[in-house]
Structure formats: structure tokens, C-alpha cells
Amino acid sequence: EVFGTFFANCDESQKKHITPKQKSYLAGLNIDPQKPTVYYGGSQPGALLLLKNNNISEKTMYNTPSQMALSCDKSKFYKLFADSRFIPKAAYNVDDAASNLKFPVIGKPDKGHSGSNIEIFETEKDLRSSKSKFANFSEAKDLDREYRVMALNDNIISVYERVSKKGDPIKDKKGADYVDFAYVKQDLSKLPFLKGLNNIIKEIRTKVKLGVWSVDLMIEKNNDLWVAEINSASGLSADRMIEIYTAVYEDFYDEELPKEVKEYLHQS
């Protein structure tokens, strides 16, 4: 309800301040601070006020504003893990990208999702002639597959292969367009890269203390693993998030949900 009221239907300028009417509305929402809170609000003033009004402590939160700020900014994330093997070589201006990166090169904004405003450049001439503005650039990889990895703390909960519904997700779209993906659930026991993925998850968690989060994983044709980005507000459907929220309950209360409850949730 809060998300629909303040975030989904307003532009960026409206998200930066709260009207008296909105303050009054938020003051009327009561959240039990003793229960676990999965936080998606980032630094939005309405979300921060909701935390303050209800005395919600970071001890009960899965995700916090400070850690979300690291996850939602691609440049910050790339710089934080610049020495890690799973981050493609990056640059932060056109001259540096043209001189030090191997083409093809991908230009990205710091914020955004589903491929919006991401472009690929095959040559230096293409890159320099672009009128688009990018926050960072990285070397494109010869990819075999892509995955969305859902995690709770440093544990993998589920993995979905991410498949573009229409052609190449970057080359076959205009800059501002979104890519429409299908998410196909994978059997964890059959993933040959699970050990390497576990190592990546644990390494990221040494510097970014997210609770409920995801990794966009790229598998190169030579089987190298690369991280495109991480996200603390993954846009999977409600039925798929049941696994995550079940894991949150079991982690927070240190008890397993009864089998019949889990079956009911998945059937609803």
C-alpha cells in the first residue's frame, strides 16, 4: 500500500519530499517492530519516516538504507569489488573506456533495471559518437547464459535462468527500452557452477550486508562467472517470492514452517 501510494505512481521529483497529507497517512500505519521487516525503501523519505515512526531497528531488518545504497548504484558496486575476479573490467568515462577496455564495450547508468538505458558499442568510433550519457562502462562478455540468483544473507535460496523473450537483450533494443525476461527455475543440485557461485555470494557479503537480495550472474562460453549487478529489490513475482519470505521467517524465528503451511502458500 505504501509503495503504491508514494513510489509506483510518481516521478523522481515527487519522491524527494513528503506532503503533510502523506505524513499524516504514514503516521497512521502501525508496524510491529518486533517482527522481521524486509525493507525495499532505499533512501526514499516516506520509507525512512515509516521506519522512524514505528521505531524499527536494523536488528529486525532484512536490508537497510545504507546497504541498499551500495547495491543500487552500479559504479559504487563495481569500485567496491574492483579487485574481485567476478567483476568485468570497468571504466567511468568515455576516454578511459576507449583507451583501456577491450571492445565490445557496454555503457550503463548507475540506476535502472531490465536493461533500460544500457547500450553496447562494437568500436571506439561507435562509443565516441554516442550522444547518450553513461555512468560506467565495462567489457562485454561472450555469454552463454544468464541467471537471477535469489539469496538470504549469504545463502542461495533459488536460481532462475533469465531468458530474453525477444532476441539479444542488449543489441536488439533501443537505449531506453526495457528487456522482457522470462525466469526459469533451476534445480540447484544440477548446477555445475554452484560452488563458484557460493564463493561469490560469500565474498559480496563481506562488504555489502544485504538480507534479501539477488545477483545477476553471467556465464561466459568459457564457463567464467561474472556479476552484472546485485539488487536489493528484485522484481520477481509474488509466487516466487514465497520461497524468500518463508526463508526469512525460518531464519528470524529459528524454526521451520510446518509442511502444511508451505503447501498452502504454494497452492494459493
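Q: In what order do the strands of the open sheet lie, and with what pairing?
A: Two strands pair if DSSP finds at least two bridges between them; strands (E, at least two residues) and helices (H or I, at least four) are DSSP runs, numbered from the N terminus. In this predicted model, the 5 strands follow the order β9-β8-β7-β10-β11 with antiparallel pairing. Because β9 (181-185) and β11 stand at the edges with a single partner strand each, one side of each has no neighbour in the sheet. Neighbouring strands are turned by 30° against each other on average, direction ignored. Residues are numbered from 1 along each chain as its sequence is written. Local features need pLDDT of at least 70, side-chain atom pairs count only at pLDDT 80 or more, totals for chains, interfaces and linings use all residues, and side-chain values use heavy atoms, without hydrogens and water.

Q: Over how many bridges do β7 and β8 pair?
A: β7 and β8 pair in the antiparallel sense over 6 bridges. Ala-151 stands opposite Ile-156 in β8.

Q: Which residues touch the most other members of the largest nonpolar core?
A: In soluble globular proteins, nonpolar side chains tend to be buried together. A nonpolar core is a set of buried Ala, Val, Leu, Ile, Met, Phe, Trp, Tyr and Cys residues joined through side-chain atoms within 4.5 Å; buried means under 20% relative accessible area (1.4 Å probe, protein chains only). Here the largest such core has 25 residues, and Val-149, Ile-204, Val-215, Leu-217 and Ile-230 touch the most other members. Apart from this core lies another, of 12 residues, including Tyr-62 and Met-150.

Terms used: Buried means under 20% relative accessible area, exposed over 50%, partly exposed in between (1.4 Å probe, protein chains only). Axes are lines fitted to C-alpha atoms, for helices over the stretch in contact, and angles run from 0 to 180 degrees between N-to-C directions.
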